[in-house]
Amino acid sequence: MVKVKVEFLGGLDVIFNKERVHKVEVPQEDPVTLKDLLDYIIDNMIANKNDVPVFIENDTVRPGIITLINDTDWELEGELEYELQDGDIISFTSTLHGG
Amino acid sequence: MVKVKVEFLGGLDVIFNKERVHKVEVPQEDPVTLKDLLDYIIDNMIANKNDVPVFIENDTVRPGIITLINDTDWELEGELEYELQDGDIISFTSTLHGG
Amino acid sequence: LPPSPNPLSLEEYNRYGRQMIVDMPSPIESGLPAQLKLKSAKILIIGAGGLGSPALLYLAGAGVGTIGIVDNDIVDTSNLHRQIIHDSHRVNMLKCESAKLSIQNLNPNVNVVTYPTRLTHSNAFEIFEGYDLILDCTDTPLTRYLISDVAVKLGITVVSGSGVGTEAQLTILNFMNMGPCYRCFFPVPPPPTSVASCSEGGVIGPCIGVMGVMMAVEAIKFIVGAYTVENFEPYLVLYSGFPGTSSGQSMRTFKMRRRQKNCACCSNEPSITKESIESGSINYELFCGSRNYNVCQ
Amino acid sequence: LPPSPNPLSLEEYNRYGRQMIVDMPSPIESGLPAQLKLKSAKILIIGAGGLGSPALLYLAGAGVGTIGIVDNDIVDTSNLHRQIIHDSHRVNMLKCESAKLSIQNLNPNVNVVTYPTRLTHSNAFEIFEGYDLILDCTDTPLTRYLISDVAVKLGITVVSGSGVGTEAQLTILNFMNMGPCYRCFFPVPPPPTSVASCSEGGVIGPCIGVMGVMMAVEAIKFIVGAYTVENFEPYLVLYSGFPGTSSGQSMRTFKMRRRQKNCACCSNEPSITKESIESGSINYELFCGSRNYNVCQ
Ligand SMILES: [Zn+2]
Ligand SMILES: [Zn+2]
């Protein structure tokens, strides 16, 4: 089991009851990967299942969403294989296009 | 001994060799208070002793300088009596007056 | 004729439509109720300089109904790198009148009131009376104490910005007459020779500009109810345009003290009263030292 | 006549004096060398809207020598709550021409070049050529890919801003031809129906305005040498004007990936080339989905 903070920024909070910050406990034996967290989010946190494609595409985070592990691009941290630590902050933010 | 990060912001860095962020080890037995840190800064970190009054007045931080302990106003944390913990971030910032 | 049943004109719906469709989280007002709050709001901006320039433009654009501008200074070429509400054709014009022209060009729906006078202990109460919110965009500590003191006595909230060089600060004072005032933060004024009290220091235009725009954001949030007596937490934002150690720009939000029980101005038994301010017995000039800040390096 | 021995006129010293006295930490240029760098700089701003309006004013104020403006849109009343470089008298005027008028009023020393055209794969190279820096102030993903692709091929750095509602983002792309490009961050474009790709979404004027001013800060930093090949770290700033859980406003700086070895545009063996862009074989319209973003809630 691991306790992390999960943030949905850049408008993504609309599919999470408009809550930007969530305390999440993933009830699973270590190691818990970011892939496991995504599965947990899909199964337990997206209020309306029709909204899943807004967040997930082809079993990973949808193109156009930036994923951050403790304020660092997940590409630098192992992406889906990253093993969560207690206290980690995992942030997802849509890219914005308006100007 | 305690290891903290000390920041001089809002232009205060001019009296600290223009370095805004300093890693500081106060070589003293616990508990190390904020008052002890001020003494350490005066004795070891201010490059030109003539600059001490820019930072200190009447044995405390000069009026107009805001002192923060882990991003919180020191007034909420015990001011000079606060006992430093390893990893604390102590920030000093001048108030700015331009507009 | 009876009053129109529709509180906004077609022109106003068109003008404000893109901001009216922004859906705000509860309890913040959005849509028509928010726009009507902005339309009925009266905001006083003190200082039409580096902070006031963008703050005035964005508040006028957003449809604030009445905007007051206090400034007795005139436009100078040396202002124009940062005071983007003025222009080269308006050099030597009063800044408050130049700002009024720009506001009327941008949004003729705004009622602009100008005060081409230096804010003093004897005129501040008369000027402030009737405004819902004050933006302190001034550049000397003595004026910051005066604005805070008078706002406390009149129960008006102050959005306070400042900046020098590449850094800037933002806070809300006397929020709903329950938040801390300037004297809660700074019971003793800084010595006039101290580093960052230099009103003649250099400044990078867009660094002070960022803060002026942020002041407009805070003013809009105040008007549409983003802050309440229940949720308000005193804060100080420190912005740095050239933070040095990292790429990008930095903004830190510090959690600040609440009202101080022994504050000379906002406590239950204040030594500073409306009478003592107006009579001139609080000597702001003496209190803050000489107005000559040219001593800074 | 021989060239003047003094590189700045008295008027320019007066106009820029307050920014020239800001002392920058090494290796950033300040004073006269910095001002001369600004004067000889050529910056292209694409989009004279919510981001471009304040960015253009502050870069003009700072004394950037040549400013290009690409925009084929006309001023509409519904723009004016956030596009503060325009005004009500200029409704139906081309935005690039309206912006030029405002810049010339603010600082007649600036040479303004307008491009009243839609940026396309066939005109982008010709327009970009010769500029030192590009500011992407546009509002559709397809244009963001096009700007990044062409800038990579020409070796030009891009300051890229965007925003919607109360949030905004900032990053630097293709820094000195070694930093990551837009495709390094986003190899696959977002589906057109996705939440925040809505170019018709609502926006709070000063929230997008903060980001436009920050883009001007980044542009100035680039010109005066705050970023070098040695110290540059790819970043993305996320600004929130109404962060909800806390008082004030928030800004987060995220550490981002470096150039991607397999990037379709900036890698050593790119599938995207100048030829493939100009020939139209990279179909930006198709790639980013339909331009109809009205499907968003
Ligand atoms: Zn007080
Ligand atoms: Zn790339």
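Colleague: Which residue stands opposite D:L133 in β5(D)?
Modeller: This is a predicted model, in which local features need pLDDT of at least 70, side-chain atom pairs count only at pLDDT 80 or more, and totals for chains, interfaces and linings use all residues, while side-chain values use heavy atoms, with hydrogens and water left out. Residues are numbered from 1 along each chain as its sequence is written, and chains are lettered from A and ligands numbered from 1 in the order in which they are written. Strand β4 and strand β5 (residues 157-164) of chain D run parallel, joined by four bridges, where two strands pair if DSSP finds at least two bridges between them. In this pairing, the residue of β5(D) opposite D:L133 is D:T157.

Colleague: What hand does the crossover from β4(D) to β5(D) have?
Modeller: Between these strands the chain passes through helix α6 (residues 141-154) of chain D; helices (H or I, at least four residues) and strands (E, at least two) are DSSP runs, numbered from the N terminus. A crossover is right-handed if, with the strands pointing away from the viewer, the path from the first strand over the helix to the second runs clockwise. By this test the β-α-β crossover from β4(D) to β5(D) is right-handed.

Colleague: Are D:L133, D:L135, D:I134 and D:D136 buried or exposed?
Modeller: In a regular strand the side chains alternate between the two faces of the sheet. In β4(D), D:L133 and D:L135 are on one side and D:I134 and D:D136 on the other, and the term buried means under 20% relative accessible area (1.4 Å probe, protein chains only), with exposed over 50% and partly exposed in between. Both faces are covered, and these four residues are all buried.

Colleague: Which residue of β4(D) is the bridge partner of D:I45?
Modeller: Strand β1 of chain D and strand β4 (residues 133-136) run parallel, with four bridges joining them. D:L44 stands opposite D:I134, and the bridge partner of D:I45 in β4(D) is D:L135.

Colleague: Through which helix does the chain cross from β1(D) to β2(D)?
Modeller: Four of the five residues of β1(D), residues 42-46, are buried. Five bridges join this strand to the parallel β2(D), residues 66-70, with D:I46 opposite D:V70. The right-handed crossover between the two strands goes through residues 52-62 of chain D, helix α3.

Colleague: What is the site geometry of the zinc ion (ligand 2)?
Modeller: Its protein donors, N, O or S atoms within 2.8 Å of the metal (3.2 Å for Na, K and Ca), are the SG atoms of D:C181, D:C184, D:C263 and D:C266, lying 2.3 Å from it. D:C181 and D:C184 are both buried. Four donors count as tetrahedral if all angles lie between 85 and 135 degrees, and with angles of 92 to 122 degrees this site is tetrahedral.

Technical notes: Four donors count as tetrahedral if all angles lie between 85 and 135 degrees; four count as square planar and six as octahedral if opposite donors are over 155 degrees apart and all others between 65 and 115; anything else is irregular.
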